[in-house]
Amino acid sequence: MARQRASGLLAFDFFIRGYRVSGHVSTHTRSVADMLDDALHSYLELQDVYISRISQPADIIATYSHAKLRKDTLLFAIVPIRESLAKAVRSVSYFGKERVPVWLTLPMFEIEGEVQATGMSFDLEAFLAERSGQYVAITDGVARPTSAPDTSFSGEALLVNQRCIDLFCTGKPSS
Amino acid sequence: MKRILIVDDDPEICKLVEFALQQAGFAVLIAEDGQKGLAMAREHQPDVAILDVMMPSMHGYELCRRLRADPRTAEAGIIILTARSQPIDEQAAMKAGADLFVAKPAVLSELVERVQALLYEAERKAAASPPRPESRPATKPEPIAKSGGRLVACLGPVPGTGVTTLAINLALAFAAWQRNAIPLVDLGGAPGSVLESLGIVSEGQQRGLSSSEGELSWETLAPQLVAYHAGLHILPSPTTERVPPAVTHKAVSLLCKRFPLVIADAGHSLNARSTPVLLSANLILLVTNPEAHVMQALSGTLAALQEQGYPARRILAVVNNLEPKTRASLEELRSEITRPILSVIPYEPAIKYTQHTQRPLLAMNPRSPASRAIGQLTMQLARGLHLEKAAG
């Protein structure tokens, strides 16, 4: 979840290999999705950073006032729905939007939720190819560490790094 | 006027919460980081502290732990208000000693209501807390069952049947139902097992108990009780053999004089400390499960109790299913156990979680089937023991 501070900082939870990083991002007029997809910057600037190991995700093991987060290896971030969309993008479809259940795996995590797709029938390949950004917004998402599936992280939206997705399942599970 | 301390590094949030609390008639103190918050809490001793987690100099969990560890601030209500709002964070907050967990962004009116509810609960608990010690001459030990309150002892035939878990949750259920303080006496072989289960760190368990039963009085006993949330007062098991079993027996007797009900966790063995207390109990709950080795040991425990002269009619069984699938049906269990089965507690997957988080099931998930079964067991025992709710 995020919180708006007087200085324009928002707090987010970021998940990288083995760690949960809670920190503030100065988004100004952009969304965090914009910032993650900004190809001109490889790192995301974080302030007031609180780091936990995924094995004990509530225990804060270190805090720093500033940090840089490498964007290409970020697994996913938990964000409010408004922050999951690029501010410039306005998708319109005559066929409306479809909510498609998805289940995907990343290194150390599995994620369940929905993607919003436009068009008459959902085509995963087209969905991934037609997207301009690197991060897929999974709404009503729940992420679970594979080593501790009883622990879950959820939020309005999970911005998942498409490059880190190993398996992308769509539709309802057959069993 | 009640004092509320807000510790948050976000000035905007501080201002908003301060305004809402002042409108509700509270005096508000503000600290911008954990260190200042600690100093301010020690100086002003607020009734409730609202703590952020992500703060410079000291994070909210650490501040919460320090407030709980300091006698000047230990009784304050604590609300964790944080943007780290995952279920695991709530568990961490509770483990650190918080009373409530509120995720940001919070609705101000709801936050104020939570503060009011916390203050109300604190007043209620204070009214139900053990009475102040009185000066009374030491008396000779006497049978506990005749000395006032009822004593219910939980005993398992072997380790790992969930005796401590049941005793804790049963005591919590009684405290909630009776709206009264309930003492839980740890007679278990492993020192500190109840405290460890609840994640309570207590130095010198029963160290203040005198080595002679004649010297033990309510004045020396009361400080040994460790207060836990929701009216639970724990008498930990002694860490030293210096405390003779007769002193523990006397301590339980004194508790029975002060409280309508005392729950004892007798662990899994009849030993020098637990046996005198067990023999004085109004009721022994034999906590068992359908596992073959447990059933085998159960007959030995029953025989041992009867050898000691404990009436069989006061022994009732509680089947605590610790596995999703049971070896035997209820009917088969009835024939094997030979004592009436008072309750069957269904398998609860979250129980492993409660062990990890050191938070009782009843507090963590009061609506689970297992919690409901413990609630029903409480009602059955209350009826059987003719217990009544506290007035008011």
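Modeller: Happy to! Please keep in mind that this is a predicted model. The pair I have picked sits in chain B, whose secondary structure comprises 15 helices and 13 strands. Chain B has 392 residues, and 47% of them count as buried. Of its contacts between residues at least 6 apart in sequence, 74% link residues at least 24 apart. For chain A, the corresponding picture is 2 helices and 10 strands, with 37% of its 175 residues counted as buried. Along chain A the elements follow the order β-β-α-β-β-β-β-β-α-β-β-β, starting from the N terminus.

Now to the pair itself. Helix 2 of chain B covers residues 34-44 and helix 3 of chain B covers residues 60-69; their axes lie 10 Å apart, at an angle of about 20°. Angles under 35 degrees count as roughly parallel, so helix 2 of chain B and helix 3 of chain B run roughly parallel to each other. The crossing of helix 2 of chain B and helix 3 of chain B is right-handed.

As for who meets whom, helix 2 of chain B contributes G34(B), G37(B), L38(B) and A41(B), while helix 3 of chain B brings G60(B), E62(B), L63(B), R66(B) and L67(B). Sorted by class, this contact between helix 2 of chain B and helix 3 of chain B holds 4 nonpolar, 3 polar and 2 charged residues.

Notes:
Residues numbered from 1 in each chain as written. Chains lettered and ligands numbered in written order. Predicted model: local features only at pLDDT ≥ 70, side-chain atom pairs only at ≥ 80, totals over all residues. Helix = DSSP H or I, 4+ residues; strand = E, 2+ residues; numbered from the N terminus. Buried ≥ 20, exposed ≤ 12 C-beta atoms within 10 Å, placed from the backbone. Contact = placed C-beta atoms within 7 Å. Axes fitted to C-alpha atoms, helices over the stretch in contact; angles between N-to-C directions. Parallel < 35°, antiparallel > 145°, perpendicular 65-115°, else oblique. Left-handed = near helix turned anticlockwise from the far one by under 90°. Nonpolar A, V, L, I, M, F, W, Y, C, P; charged D, E, K, R; others polar.
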